[in-house]
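Student: I would like to learn how to read the packing inside a protein model. Could we go through it feature by feature?

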Amino acid sequence: MNRKTVFITGASRGIGKSAAILFASKGYHTFLNCASSLEALENVKETIETRFQVPCTLVPGDVGNPENVAQIYTQIYQQCDHLDVLVNNAGISYIGLLTDMSIEEWEHVIHTNLSSVFYCCREAILPMVSQKSGKIINISSMWGTSGASCEVAYSAAKSGVNGFTRALAKELAPSNIQVNAIACGVIDTDMNRQLSAREREALEEEIPAGRYGTPDEIAQIIWDIANAPAYMTGQIIGVDGGYL
Ligand code: NAP
């Protein structure tokens, strides 16, 4: 059997971890990445291999760094000739006034959330084109659509991911490669752990669904997009409990 393959960036926790476990449960060979939480990433691999007896390969490295990404893909292509699915999920937030942000902080947010998507797609595309198939799924944010106060760099990066998604979808549609993005609302992961209980409660009141989304809900949408008809491409799919 030719086992299907998926590369998920930022898979040590949160949305990426949930997606890794879901794809593994469906028989995929998962290639999993993060930059620094290596022990957590090892634990995800152990969970996958114990529960599903499918191959899982760890490819750690900073996806905001093009040399790291090239090394990651060298490792991936030693084990498979192409990816079926690429999930660009790694991301960081930055909360604060724009006037307080340093150039280094700006570049870190842009490289991690946006340039990483370019680096990871660039290495994935040619083998997908040869196969005439592939799914690229970018994890964006509702702030990329509406903009958030005190999250200007993050909003700009995710807005960039949305534009990148729409444009690349057009470029790759003739090769039968679909590119879509998910504009997540507030999801219950470490990214939002800095909020106090009172802040969380206030935020939940603003969300029509009355609660945060779960990483498993986003993983389910990632899976659904990976299995959607080929005619669906270039879409930014909002999954935000009705917030926007
Ligand atoms: P999370 O729990 O903080 O997980 C982020 C993941 O990205 C971790 O595995 C982290 O691992 C990895 N990562 C960070 N920088 C990286 C880098 N330079 N290279 C490789 N991996 C890196 O966050 P999450 O909520 O699951 O976020 C996943 C995606 O959803 C992000 O793109 C985020 O912007 C988006 N999103 C989240 C929310 C939300 O409310 N949670 C809302 C909208 C969009 P290391 O730290 O070990 O590197």
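**Packing and cavity**

Tutor: Leaving aside neighbours within four places in sequence, I222 is in contact (heavy atoms within 4.5 Å) with I15, A19, F23, V87, I137, I139 and I182. The model is predicted, with local features needing pLDDT of at least 70 and side-chain atom pairs counting only at pLDDT 80 or more, while totals for chains, interfaces and linings use all residues. Residues are numbered from 1 along each chain as its sequence is written, and side-chain values use heavy atoms, with hydrogens and water left out.

Student: How many residues are in the largest nonpolar core, and which have the most contacts inside it?

Tutor: A nonpolar core is a set of buried Ala, Val, Leu, Ile, Met, Phe, Trp, Tyr and Cys residues joined through side-chain atoms within 4.5 Å, where buried means under 20% relative accessible area (1.4 Å probe, protein chains only). Here the largest has 32 residues, and L32, I48 and I222 have the most contacts inside it. Among the elements giving two or more residues to this core are α1 (14-25), β5 (134-141) and α8 (215-226), with helices (H or I, at least four residues) and strands (E, at least two) taken as DSSP runs numbered from the N terminus. The most comes from α1, with seven residues. A second, separate core of 26 residues includes C80, L86, A90 and V117.

Student: Which element supplies the largest share of the lining of the largest cavity?

Tutor: A cavity is a set of points, on a 1 Å grid over the protein atoms alone, where a 1.4 Å probe fits but cannot get out, and lining residues have an atom within 4 Å of a point. In this model, α4 gives the largest share of that lining, three residues, and the residues lining the cavity include N113, S116, V117 and K158.

Note on methods
Buried < 20%, exposed > 50% of the residue type's maximum accessible area, 1.4 Å probe, protein only. 1 Å grid on protein atoms, 1.4 Å probe; cavity = no way out; pocket = protein on both sides within 12 Å on 5 of 7 lines; lining within 4 Å.
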